[in-house]
Each structure stands twice: as C-alpha cells, then as structure tokens.
Amino acid sequence: MIAIRSSWYDLLKDEFSKQYFLDLQEFLRNEYTNYTIYPEEKNIFNALNSVPFDKVKVVIIGQDPYHEPRQAQGMSFSVPEDVDIPPSLVNIMHEIESDLGVKCYDNGNLTRWAKQGVLLLNTVLTVRKGMANSHKDKGWEKLTRKIIELLGQRKEPIVFLLWGSYAQSYQDLIAPWHLVLKAPHPSPLSAYRGFFGCKHFSKCNQFLIEHGQTPIDWR
C-alpha cells in the first residue's frame, strides 16, 4: 500500500479493502515488476498527498498520467521543472495569461497550485511507458470516482474545472452549491473549440473570493 495522507485514508479506507482494489494492487505489483510504469510508485498518490481533503478549493480532473519518460509526477497536467511543458499545459498557460493578464512561470511543475488547494486528479493513476490508457478499467476509476463523489458532496464550496467530455462525465457527482466550469479539453486538437477564451481562471477566483477564500495565484 503506497503511503497516503491520513485525511484521505480515513475517507477511503473502506475502498482499500474491497475486492476491486485488492485486484488492482495485484495488477500493479505485476506491472511495476515487469514493465516501466509511470509515475514512480512513491508518487502514485501525489495529488492527494499534496492537498488535504478539507483544504481543497479547486479540482481539475484529468484522465491518465503522461506516458513518456520523466513526465509523470502524480498530478494531472503537471511535469517536473526540468521537463518540456506538454502541449495541453502550454495551452492552459496561454489561457491563464490571456484571462488574468499575468505571465506564467516558465516550467510545468504545478506543485505551486497544489500548495494553494488545487487538486490535480487523474482518474487513472498509473500507466505503462509509451501506452496511453494502458491501465484504464483496472480499478482506478472506482477509487477516483469515490474521491470525486466525496468532494462533490462536501459542504464547503469547491470549484470543479471539467475540461473535455471525459471530465464532464463526472458532473453528476457534484452537488449544486459547488461551481462547475466546463470547456473543451486544452489539447491542441480541441483548445480552439472553446477552451481559449473560457476565462475559467478569473471565474474560479471570483467564486472563491465571494465565498471568503483566498484566490489562486495561477502563474
């Protein structure tokens, strides 16, 4: 069992004893033994370990980790500082700069967002090298669906940024007192269909301010 911070473990411990998760553990044990898997085992729950449940202000839902060397670090869209910024994150930064009139930092390590309460959650938390979606339907989605459900029913308001049809499929788990912002995915294939100009970052911060919370420094 990979280490997970106590605030999340207490909420999810019943999931960890269910058969689907036991099967997932066995699958991962075999995968990490026989193949190159991303992220490193210690970083599988990096997103959760970076933001306690009660400190989450914003949720950004991704699909599965980057599958090329040195990219995945356990948070959706984020890469280590010394790695080239992937195209989708480049587009996210362009929208931030256009929306907020700021200049983003020149690296893709989004730990700076996580420290402010942004949960960067992929719904599948591992992947085999060079094989996108290779760990799809192995059990991760059941766990992360539970995580989104718990956040979606939390009484304190949260902003959910749902980019693309896959992320938007989780909207039914989110209670109406939260703010849900939807747009096409920021990938080069779809960003021009409405992600650019969506102004999600200013809308997010306005909601946080209206609910007595500190806005996110999105740079």
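**Reading the fold of a predicted chain**

User: What share of the contacts in the chain with a separation of 6 or more comes from residues 24 or more positions apart?

Analyst: In this predicted model, residues 24 or more positions apart account for 67% of the contacts in the chain with a separation of 6 or more. A contact here requires heavy atoms within 4.5 Å.

User: What makes up the chain, read along its sequence?

Analyst: The chain has eight helices and six strands, and along the sequence these follow the pattern α-α-β-α-β-α-α-β-β-α-β-α-β-α.

User: How do you know whether the radius of gyration of the chain agrees or disagrees with that of a compact globule?

Analyst: The value is set against a rule for globules, which for 219 residues gives a radius of gyration near 17 Å, and since the chain has 17 Å, the two agree. Taken along the principal axes, the C-alpha atoms fill a box of roughly 45 × 40 × 25 Å.

User: Why is strand E5 said to be largely enclosed by the rest of the structure?

Analyst: A residue counts as buried when its relative accessible area is under 20%, and five of the five residues of strand E5 (residues 159-163) are buried, so the strand is largely enclosed by the rest of the structure. Side chains in a regular strand alternate between the two faces of the sheet. In E5, Val159, Leu161 and Trp163 point one way while Phe160 and Leu162 point the other way, and all are buried.

User: Which strands pair with E5, and in which sense?

Analyst: E2 pairs with E5 in the parallel sense over three bridges, with valine 59 having phenylalanine 160 of E5 as its bridge partner. Strand E6 (residues 179-183) also runs parallel to E5 and is joined to it by five bridges, and among the partners across these strands, tryptophan 163 has alanine 183 in E6.

User: Why is glutamate 31 called buried?

Analyst: The cut-off for buried is under 20% relative accessible area, and since glutamate 31 has 2%, it is buried. Glutamate 31 lies in helix H2 (residues 19-34) and, leaving out residues up to four places away in sequence, touches Ile37, Arg128 and His135. The C-alpha atoms of glutamate 31 and arginine 128 are separated by 7.8 Å, although the two are 97 residues apart along the chain.

User: How do you know whether proline 86 and alanine 175 are buried or exposed?

Analyst: Each value is set against the limit of under 20%: proline 86 has 7% relative accessibility and therefore counts as buried, and alanine 175, at 6%, counts as buried too. Proline 86 is found in the loop between E2 and H4, where, apart from neighbours within four places in sequence, it is in contact with Tyr66, Gln71 and Val79. Alanine 175 lies in the loop between helix H7 (164-168) and E6, and it touches Gly152 and Gln153, not counting residues up to four places away in sequence.

User: Why do arginine 70 and aspartate 137 count as exposed?

Analyst: Exposed means over 50% relative accessible area; arginine 70 has 52% and so counts as exposed, and aspartate 137, with 59%, is therefore exposed as well. Arginine 70 is placed in the loop between strand E2 (58-62) and helix H4 (87-100), and aspartate 137 in the loop between strand E4 (127-128) and helix H6 (140-152).

User: What is the phi of arginine 70, and what is that of aspartate 137?

Analyst: Phi of arginine 70 is near 75°, a positive value in a residue other than glycine. Aspartate 137, which is not a glycine either, has a positive phi of about 65°.

User: Is the peptide bond from tyrosine 38 to proline 39 cis or trans, and what is its omega?

Analyst: The bond from tyrosine 38 to proline 39 is cis, with omega near -5°. Proline 39 itself is in the loop between strand E1 (37-38) and helix H3 (46-50).

Technical notes: Residues are numbered from 1 along each chain as its sequence is written. This is a predicted model: local features need pLDDT of at least 70, side-chain atom pairs count only at pLDDT 80 or more; totals for chains, interfaces and linings use all residues. Side-chain values use heavy atoms; hydrogens and water are left out. Helices (H or I, at least four residues) and strands (E, at least two) are DSSP runs, numbered from the N terminus. The radius of gyration is taken over C-alpha atoms; the globule rule is 2.2 Å times the number of residues to the power 0.38. Buried means under 20% relative accessible area, exposed over 50%, partly exposed in between (1.4 Å probe, protein chains only). Two strands pair if DSSP finds at least two bridges between them.
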